[in-house]
Amino acid sequence: MSAARISRRRMLALAALASAGVFGCGADSPPTVRLASGEDGGFYFAFARLLASAARETGDLRIEPVETAGSQQNLRMVADGEVDAALALADSASDFGGRVVALGRVYENYLQLAVRADGPLTRVGDLRGRRVNLGAAGSGAAATGERLLSTAGLDPADVIIEHQPLRAAAQALTDGTIDALLWAGGVPTAALTVPDPMRLLDLGELAGPMREAYGPVYDRVAIPADAYPGGPAVHTIGVANLLLATVTLPDETAGAIVDLLVQHADALVPAEAAGTQFLDGRFLIGTGTVPLHPGAAAAYRRRHG
């Protein structure tokens, strides 16, 4: 056999290994999935770490959480192939049709708008002329927040908008250098350590108009009393979280991630949000306008027919 033919066969074999996600890891090594998550201290990052822990237990694949600003950055990264998978709000993901596919609907994110407890603000319309942090640049809350303001009758020019990371914005609310802080996350959100001066505004009346204007990705949901110490029960707007992937993720890897979601559902709820969040296998396929990855769809069919 000629050296040229051997070389060609070797090249084809290496290409096959690379496409299967195991090139450079050894034939028996599990594939590595880089997962764009969110800010350290936020719900996305906590979930990504729990998913990575579950993957280590099974040994079928390796999850590598990547800290990011949130949904918008995550979507750009997965669409451009910088990561293999990403977490994102469903309303943000709908703008990336055809460039990403879904592995499952994992949670409900709660839109939370906090103001100082001792201040006069009681509704979104009161934010006119105020300084408001609409999530970090690159977060899903930054995009959803603009929709919220518009639904409440505010033009972006009516509000002084900032985009600080969550912890910095929480401190700014404590210091009084901003008037309101918007974020999307679990209840409670671990990164917020300033409960005394904080009060959540009730956003429930805007859920219906948001749904009518932008589609069925928005739900009216409840935040229980004392979710943050001393806080009253309020209603707000829920947005589904989707676990997304590149269209090139191997089917076997997508199926292995689905198996993690189904088999380790109880272990994938961050402890601080266990009272308000759950992961239910019956709803994983509810990814809306974002189609399921073929490997994920096959895994669900194996389980549910």
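1. Helices H8 and H9 are oblique to each other, since angles under 35 degrees count as roughly parallel, over 145 as roughly antiparallel, 65 to 115 as roughly perpendicular and the rest as oblique. H8 (residues 251-263) and H9 (residues 294-304) pack at about 50°, their axes 7 Å apart. Axes are lines fitted to C-alpha atoms, for helices over the stretch in contact, and angles run from 0 to 180 degrees between N-to-C directions. Helices (H or I, at least four residues) and strands (E, at least two) are DSSP runs, numbered from the N terminus.

2. This is a predicted model, in which local features need pLDDT of at least 70, side-chain atom pairs count only at pLDDT 80 or more, and totals for chains, interfaces and linings use all residues. Residues are numbered from 1 along each chain as its sequence is written, and side-chain values use heavy atoms, with hydrogens and water left out.

3. The largest cavity has a volume of about 300 Å³. On a 1 Å grid over the protein atoms alone, a cavity is a set of points where a 1.4 Å probe fits but cannot get out, and a pocket is an open set with protein on both sides within 12 Å along at least five of seven lines; lining residues have an atom within 4 Å of a point. Grid points are joined across faces, edges and corners, and a volume is the space filled by probe spheres set on the points.

4. Of the 26 residues lining the largest cavity, Glu 39, Ala 69, Gly 70, Ser 139 and Ala 184 lie nearest its centre. Strand S7 gives the most to this lining, with four residues.

5. The largest pocket holds about 270 Å³ of space and is lined by 17 residues.
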